[in-house]
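Me: Could you take a close look at how the helices pack in this fold, both on the sheets and on one another? I'd enjoy one connected walk-through.

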Amino acid sequence: MAFEPPQRLVRALGETERNGAADWLVKLPELVQQVVGLRELTVERVQAPGGRSSLVVLVRQADGTPAVLKLAPPWARPESERAALAHWGGFGAVQLLDGDGGEGVLLLERLHPEMSVRSLPEAKALLEAAGTLRRLWVEPPAGQVFESVAERTGRQAEAMRTSATADAEVAPLVDAALAAREELLASAPQARLLHGTFRQSKVLAGERMPWLAVGPDPVVGECAFDLARLVRDRVEDLIASPSGASITRRRVKRLAESLELDQERLRGWTLFRAVESGVRARRVGRPQDAELLLEFAGWL
């Protein structure tokens, strides 16, 4: 199968600063061909712009059933995604069609990739996204293999400290974010299985249910951590609005109340995640994204 990986994926892998990213991209066409042949799949097209951590290919199974073939490098934790999708069993999330897809390979139910809740008016999009997210917050499976919020944010915190040392401009926000993290982890409520990277574009229209979540990077921890990424959805619109700061504070309050979460805990995790994303964007050469995220963080 001859194809060019989507540029969004190529750029994102270039930002990971991981050894092996270039080699994985080079081997990707051969890997797709092997998987397609082994599973008797018919390729329709590569989904573009696609994801930032995996290749998504629209395929049909041998019986003609539409499906999605997803291939991800090891550092994107595809086995963790497989385990979470299997545990959710299609409730609130895309259905895993093949429980033994091989390393880095997932065969998934076909949704409507062109239609996410982001296409809805903002208030409706937030409502539908939050309702979908609630369905995913379940007890982790026994003997769970998922990373904890403390572990994931611990790695992120180290990178943030390094960036703050080299970049005095971001140091005050980094200090505030790290202090919020320490306080939140010291009093964490009951842990649940979380999506990990939830936002409006991760909720697609389906046939079984109106909306289903895709692309988890699952983690175990408190629900406010998961909801925090949704708070800053459409951040460019928030920054462009003269009342963006007040809209953000109302959004935190409304989302916390709708999902029965503590408003201050949601605000704290929103601050940490926005600063972490902003500092990372600054570090990898995306200054416009960094500026938006750090200005948003300053409102919190």
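Reply: Happy to start with helix α2 (residues 21-38), which lies across β1, β2 (55-60), β3 (66-71) and β5 and runs at about 145° to β3. From the helices of this part, helix α3 (residues 78-88) also packs on the sheet, where it touches β3, β4 and β5, and its direction makes about 30° with that of β5. Please keep in mind that this is a predicted model. The chain averages a pLDDT of 92, with 96% of the residues scoring at least 70. Among the elements of the chain, the lowest mean pLDDT, 80, belongs to helix α1 (residues 7-15), and the highest, 98, to strand β9 (residues 211-213).

Now to the sheet under those helices. This is an open sheet of 5 strands, in the order β1-β2-β3-β5-β4, and the pairing is antiparallel. At its edges stand β1 (42-46) and β4 (96-98); each has a single partner strand, so one side of each is left without a neighbour in the sheet. From one strand to the next, the twist averages 40°.

Over 2 bridges, β6 pairs in the antiparallel sense with strand β8 (residues 203-205), and His112 stands opposite Ala205 in β8.

Two packed helices are described by the angle between their axes and the distance between the axes. Take helix α5 (residues 149-166) and helix α6 (residues 171-186): their axes come within 10 Å and cross at roughly 160°. That angle makes α5 roughly antiparallel to α6. The crossing in which α5 passes α6 is left-handed. On the α5 side, the contact is made by Val149, Ala150, Thr153, Gly154, Ala157, Met160, Arg161 and Ala164, while α6 brings Ala171, Val174, Ala177, Leu178, Arg181, Glu182 and Leu185. By class, the residues of this contact divide into 10 nonpolar, 2 polar and 3 charged.

α5 has a further partner in helix α10 (residues 263-283); the axes of α5 and α10 come within 10 Å and cross at roughly 50°. The two helices are therefore oblique to each other. This crossing, too, is left-handed. Val149, Thr153, Gln156, Ala157, Ala159, Met160 and Ser163 of α5 meet Trp269, Phe272, Val275, Glu276, Val279 and Arg283 of α10. The contact of α5 with α10 has 8 nonpolar, 3 polar and 2 charged residues. Looking at both lists, Val149, Thr153, Ala157 and Met160 take part in the contact with α6 and also in the contact with α10.

α10 and α11 pack at an angle of about 155°, with their axes 8 Å apart. These two helices are therefore roughly antiparallel to each other, and their crossing is left-handed. In α10, Thr270, Leu271, Ala274, Val275, Ser277, Gly278, Val279, Ala281 and Arg282 meet Pro287, Asp289, Ala290, Leu293, Leu294, Phe296 and Ala297 in α11. The residues of this contact divide into 11 nonpolar, 3 polar and 2 charged. Val275 and Val279 of α10 meet residues of α11 and are also listed in the contact with α5.

Definitions and conventions: Residues numbered from 1 in each chain as written. Predicted model: local features only at pLDDT ≥ 70, side-chain atom pairs only at ≥ 80, totals over all residues. Heavy atoms only, no water. Axes fitted to C-alpha atoms, helices over the stretch in contact; angles between N-to-C directions. Helix = DSSP H or I, 4+ residues; strand = E, 2+ residues; numbered from the N terminus. Parallel < 35°, antiparallel > 145°, perpendicular 65-115°, else oblique. Left-handed = near helix turned anticlockwise from the far one by under 90°. Contact = heavy atoms within 4.5 Å. Nonpolar A, V, L, I, M, F, W, Y, C, P; charged D, E, K, R; others polar. Pairing = 2+ DSSP bridges. pLDDT = per-residue confidence, 0-100.
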